[in-house]
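Here are my notes for anyone opening this one up for the first time. Have a look at the model, then read the points in order.

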Amino acid sequence: MDGRAAAESREQSQPSPLKFAGPLPRISVVGVGAVGTTLACALAARGYPVVALAGRTSTRATWLAERLPSAPAVVSPVEAVSLAELVILAVPDDALASVVAELPWSAGQAVVHCSGATPARVLAAAGEHGALYGSFHPLLSIPRLLPSSAEEVLARLEGCTFAIEAPSPLAAVLKDMASAFQARVVILEERDRVSYHLAAVLTANYTVTLLAAATDLWAGFGATREEALTALLPLLRSTLANLAQVGLAQSLTGPLSRGDVGTVLAHLASIADQKNNPHINAGLLDELYRTLGLLSLPLARAKGRVTEEQLAALEGALKAQHQPS
């Protein structure tokens, strides 16, 4: 940790009083994209006074303000900060440092960002004026479509996890907010953020990538990407249901869970046959299949349906390099 980061850490470690006029903080949301809109709707539905909304354009903020009577749409983030005791900065990660540096913070206020990857100290400029700062990240993939109702938003947040990085006085406020949504909480230190965000990327982003690769394979027998996705989504949903019911190891199906070396070899041969397919990168797909297979072997062992000899044979097949004929 460099000197500046250490100083910021010391500043945050000294609890500052949060000055709320009522039992719940007056909240402004700066940035009313998917995340900002979702949090503003949910907080208002749970009785939090959302007093101001600010966005790059007034259209979305005005739409939201019409549905949240206590929240006037304001164009200026400066005005939004002046009205609030807690400010949610739901702006792009790269804009956080510049936005927070331009706003008029004061002691007794708090500000949080909603980024999964960015440490809370990106908001340290607010701390220089006595405000507490932290992060409040919903571990969800939130669509940009405007919600049809507050009930839809609350249903989306129920059961999800919010990652919180904040000093204790602010962390307590953020925990209460998550509890109001019937959500879970994980407390992060700055050193935890990269692993936390990497896990989210593997789960959400790369599931989309895997499905894209799978739909490309369906094109080989004449299916469109839309038709392939329609066919594969029920399989994905059933896998998610299994994960919720029986956990990781018991949800692993397919040739690795059965010790079926022949099918693994057939898959690898099929990938090799795709080398002249302009829509598929056969080399990357081969590497991906082998890597995911090797990462899956501990789950296959934990499931308990394969012998150590079968596991060794599977590992050998996955590690063997394809020999062109």
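**Notes on the structure**

1. Salt bridges first: the count comes to 8, where a salt bridge is a side-chain nitrogen of Lys or Arg within 4 Å of a carboxyl oxygen of Asp or Glu. Keep in mind that this is a predicted model, where local features need pLDDT of at least 70 and side-chain atom pairs count only at pLDDT 80 or more, while totals for chains, interfaces and linings use all residues. Residues are numbered from 1 along each chain as its sequence is written, and side-chain values use heavy atoms, leaving out hydrogens and water.

2. One of these salt bridges links E152 and R156, with the closest N and O atoms 2.8 Å apart. The two residues sit 4 residues apart in helix α7 (residues 150-157), so about one helical turn separates them. (Helices are DSSP runs of H or I with at least four residues, strands are runs of E with at least two, and both are numbered from the N terminus.) E152 is partly exposed, at 29% relative accessible area; the scale is buried under 20%, exposed over 50% and partly exposed in between, with a 1.4 Å probe and protein chains only.

3. Two further pairs are worth a click. E66 and R67 meet through their side chains at 3.7 Å, N to O; E66 is exposed at 59%, and R67 is partly exposed at 45%. E308 and R301 do likewise at 3.0 Å, with E308 partly exposed at 46% and R301 partly exposed at 43%.

4. Buried or exposed: which is S296? S296 is buried, with a relative accessible area of 15%. This serine belongs to helix α13 (residues 282-303). Leaving aside residues up to four places away in sequence, S296 touches L252 and L256, contact meaning heavy atoms within 4.5 Å.

5. Now the sheet. It is open and mixed, with 8 strands in the order β3-β2-β1-β4-β5-β6-β7-β8; two strands pair if DSSP finds at least two bridges between them. At the edges are β3 (73-74) and β8 (184-187), each pairing on one side only.

6. Within that sheet, β4 (residues 86-89) and β5 (residues 110-113) run parallel and are joined by 4 bridges. I88 stands opposite V112 in β5.

7. Finally, look at helix α8 (residues 168-180). Helix α8 lies across β4, β5, β6 (132-138), β7 (161-165) and β8, and runs at about 30° to β6. For that angle, axes are lines fitted to C-alpha atoms, for helices over the stretch in contact, and angles run from 0 to 180 degrees between N-to-C directions.
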